Amino acid sequence: MIHNISYRTFVYGTEDEEKVTDAISYIFPNLLPEKTITEDHFGNDIIILSEKITKKRHNRDFIKFFNENLSDSDKEIIKNELSRRMDEKGNFFLRFDKQEAYNRNLKLTYSGNAIHARIKIASYPVSKENALKVAYKLFDFL
């Protein structure tokens, strides 16, 4: 039902990389991120942590965690925005608050300073409509 889950986040110069990694590991416990270092327009280092999770067991574990730990208010947001968060290729996009994840709370955010997640939903034939049908089966609150 899921091909893969990808996440990406930025560690800015004012942030502690260990704390950001800890926040990611709350959401994605089998953490093996790829680390890329780049610079902002002031010449400060920015670390990009990203990973593509393809193991079915890890994907199932994430969906279970997501269903069990997302607040009722965030579940309502997903219900209302599901179609806007899904693209034509079946990619479902989420942003999780980094600070809240560090504090062991799964919280959606609209901020760019977040843990960005993309869930590639398996549907055949590939279409937004078919991916939405699968999403209704995956997420028990829809």
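Predicted model: local features only at pLDDT ≥ 70, side-chain atom pairs only at ≥ 80, totals over all residues.
Residues are numbered from 1 along each chain as its sequence is written. Local features need pLDDT of at least 70 and side-chain atom pairs count only at pLDDT 80 or more, whereas totals for chains, interfaces and linings use all residues, and side-chain values use heavy atoms, with hydrogens and water left out.

The side chain of Glu51 makes a polar contact with the side chain of Tyr7, at 2.7 Å, a polar contact being a pair of N or O atoms within 3.5 Å, of which, within protein, one must be able to donate a hydrogen and the other to accept it, while residues adjacent in sequence count only if both atoms are side-chain atoms. A polar atom of the Glu51 side chain also lies 3.2 Å from the backbone nitrogen of Leu32. When neighbours within four places in sequence are left aside, the residues in contact with Glu51 (heavy atoms within 4.5 Å) are Ile5, Ser6, Tyr7, Asn30, Leu31, Leu32 and Pro33.

Glu51 lies in strand β3, strands being DSSP runs of E of at least two residues, numbered from the N terminus. Of the 9 residues of β3, 7 are buried, so this strand is largely enclosed by the rest of the structure. Strand β3 runs antiparallel to β1, to which 7 bridges join it, with Ile5 standing opposite Ile53; two strands are said to pair if DSSP finds at least two bridges between them. A further 6 bridges join β3 to β2, again antiparallel, and here Ile47 is the bridge partner of Ile37. Between β2 and β3, which form a hairpin, there are 5 residues, and Gly43 in the turn has a positive phi of about 90 degrees.

The open sheet as a whole consists of 5 strands in the order β2-β3-β1-β5-β4, with antiparallel pairing. Strands β2 (34-39) and β4 (91-97) stand at the edges, each with a single partner strand, so one side of each is left without a neighbour in the sheet. The partner of β4 is β5 (residues 114-121), joined over 7 bridges in the antiparallel sense.

Methods:
Helix = DSSP H or I, 4+ residues; strand = E, 2+ residues; numbered from the N terminus. Buried < 20%, exposed > 50% of the residue type's maximum accessible area, 1.4 Å probe, protein only.
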